[in-house]
Amino acid sequence: MKWFETYSSNTLGAGGNQLIFSTEGKEMTGRIYYKIFAGGTYNYSLLFSNIMDSTYKFGEESCCNKICDEWELLEAKVGICKETSPEVAGEVENFVSLTFGGQKSKHVMPAEFFTSDPVELTAEKGDFLCYEVRYRGAMIPYHWESILPIFTLENGRFVPDKRVPIPGMIGCDRKVRKKIGYLGDSITQGVGTPSNAYTHWNALISDSIGEEFSYWNLGIGYGKGQDAASDGAWLFKAKQMDAVVVAYGSNDVGRGRSVEGMKKDFATIVKKLKDAGIKVFLISVPPFDWQDDYLERWNAINQYLVNELSNEADGFFHIAPLLVDYSQWEGKSKYEKHPNEEGCRIWAEAMLPPFRKFLNIL
C-alpha cells in the first residue's frame, strides 16, 4: 500500500483484529483512546482491515485470514484529550470529523484494507488521541483482549466495552529514520501489564530508544507463529516495516503445535520478512509455567532458535532464562505467565543493548 510510504504509527498501543461481533441490527457508538508517542502537529490517517489477523484459542470463533463480511462505518471523528482511564472516558474539547475518500461514511467491503483521509492534529507527547465511531453490522472485527481504554455509548454515557471496530494503526506523517514493528502474541501486545499503562516490554524499549524511529505494536492475544507464517493480512502489515521484532511461541507450544511445525513456522516468518527486504530481530519463547510435554517442546524450540535460526536473523535475544523461576522448575514463570511490570522492565533493560546494536545496522 502506498499509504505506508507516508504514514507510520505514533502510539505504542496495539491494535489488531482478534474476534468478530454483531451489533444485532442496531447502531452503536464507541470510543478508543491511544497515547501519543511523539508530540507535534502532524497529519493523521487511520488504517483499517476487514480481515482477521490471528486465531482466537482453537479457532472456534475466529481464525487467521478469515474474511469479515460487509459492515457500515456510519460516522467517525478524532480529537485530543489530556487524560483517560480504563474506567472513565476522557473528555475531548474539539473533535475533527474523519472522511473516507471524501465521504463521511464508509461501506466496508469483505477483505478490504482502507484508510481515513488525513486530518491535522496537534498533541503533546503523552496526550491521548480519541477515536469515536458510529457503526452497524453483523460481522465486525474487534480486539477483545485489548488493554487500551475502549468504551461504547449506553444510555447517554460511555461505559467500558471492547465491541468497537479497532484501527490497525494510528498513522502519522511524522518523519522517522526507520519504522520498527513488534510482531507477536499477547505478551508483545502487553497483556500482563495494567490497562493504559504502556509498561509492556516493547513500550519501555521504544521509549528508551526515542523518537528517531516509529514503532508499530502488532501483538495480538492468542496469536501464533503458525498464523503469521500463513502469510496473510498480519504478515502483510509487518512487511511494511523496515525492521521487525519476531516474538512468538507461547500459543504454539500451548496449543499443541509440534516442534517440527514450530521450526517450519519460525523459519518461514524470518525468510518471508527477509525476502521482503526487512531486517529481523528474533526473540526466544518465554516461560509460561510449562510442564511435561509442553516443557519438552518449549525447550526444543528454544534450542532451535538459539543454536540455528538465530544465525539467519539480523539480531537475536534469548529472553527465556531471565524470566524463569529456577527455584520452582525450569519452565516456571518468575514474573507471571504474561510478564508483569517488573518482568517487562527486566526484559526491556536486558534487551536494549543488543537491540540498539541491531538498529545501528539499518
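Q: Why is tyrosine 198 called buried in this predicted model?
A: The relative accessible area of tyrosine 198 is 10%. Buried means under 20%. Tyrosine 198 therefore counts as buried.

Q: What makes tyrosine 222 buried rather than partly exposed?
A: Tyrosine 222 has a relative accessible area of 19%. The limit for buried is under 20%, so tyrosine 222 is buried. Tyrosine 222 is placed in the loop between β16 (214-217) and α3 (225-229). Its phi is positive too, about 70°, although tyrosine 222 is not a glycine.

Q: How do you know that the span of α6 is close to the expected one?
A: Helix α6 (residues 259-275) has 17 residues. The expected span is 1.5 Å times one less than that number, which gives 24 Å for α6. From first C-alpha to last, α6 reaches 24 Å. The span is therefore close to expectation.

Q: Which residues of α6 are buried, and what follows just after the helix?
A: The buried residues of α6 include Val259, Met262, Phe266, Ile269 and Leu273. Just after α6, glycine 277 takes a positive phi of about 85°.

Q: What makes a set of residues a nonpolar core, and which members of the largest one touch the most others?
A: Members are buried nonpolar residues joined through side-chain atoms within 4.5 Å. The largest core has 65 residues, and Tyr131, Trp201, Met351 and Phe355 touch the most other members. Helix α9 (residues 341-359) gives the largest share, nine residues. A second, separate core of 39 residues includes Ile220, Val244, Met262 and Tyr304.

Q: Which residues does methionine 351 touch, beyond those up to four places away in sequence?
A: Methionine 351 touches Trp201, Ile205, Val245, Phe281, Ile283 and Phe317.

Q: Which residues line the largest cavity, and how do they divide by class?
A: Among them are Gly13, Ser146, Leu148, Gln189, Tyr198 and His200. The lining has five nonpolar, five polar and no charged residues.

Technical notes: Residues are numbered from 1 along each chain as its sequence is written. This is a predicted model: local features need pLDDT of at least 70, side-chain atom pairs count only at pLDDT 80 or more; totals for chains, interfaces and linings use all residues. Side-chain values use heavy atoms; hydrogens and water are left out. Buried means under 20% relative accessible area, exposed over 50%, partly exposed in between (1.4 Å probe, protein chains only). Helices (H or I, at least four residues) and strands (E, at least two) are DSSP runs, numbered from the N terminus. Contact means heavy atoms within 4.5 Å. On a 1 Å grid over the protein atoms alone, a cavity is a set of points where a 1.4 Å probe fits but cannot get out, and a pocket is an open set with protein on both sides within 12 Å along at least five of seven lines; lining residues have an atom within 4 Å of a point. Ala, Val, Leu, Ile, Met, Phe, Trp, Tyr, Cys and Pro count as nonpolar, Asp, Glu, Lys and Arg as charged, and the others, Gly among them, as polar.
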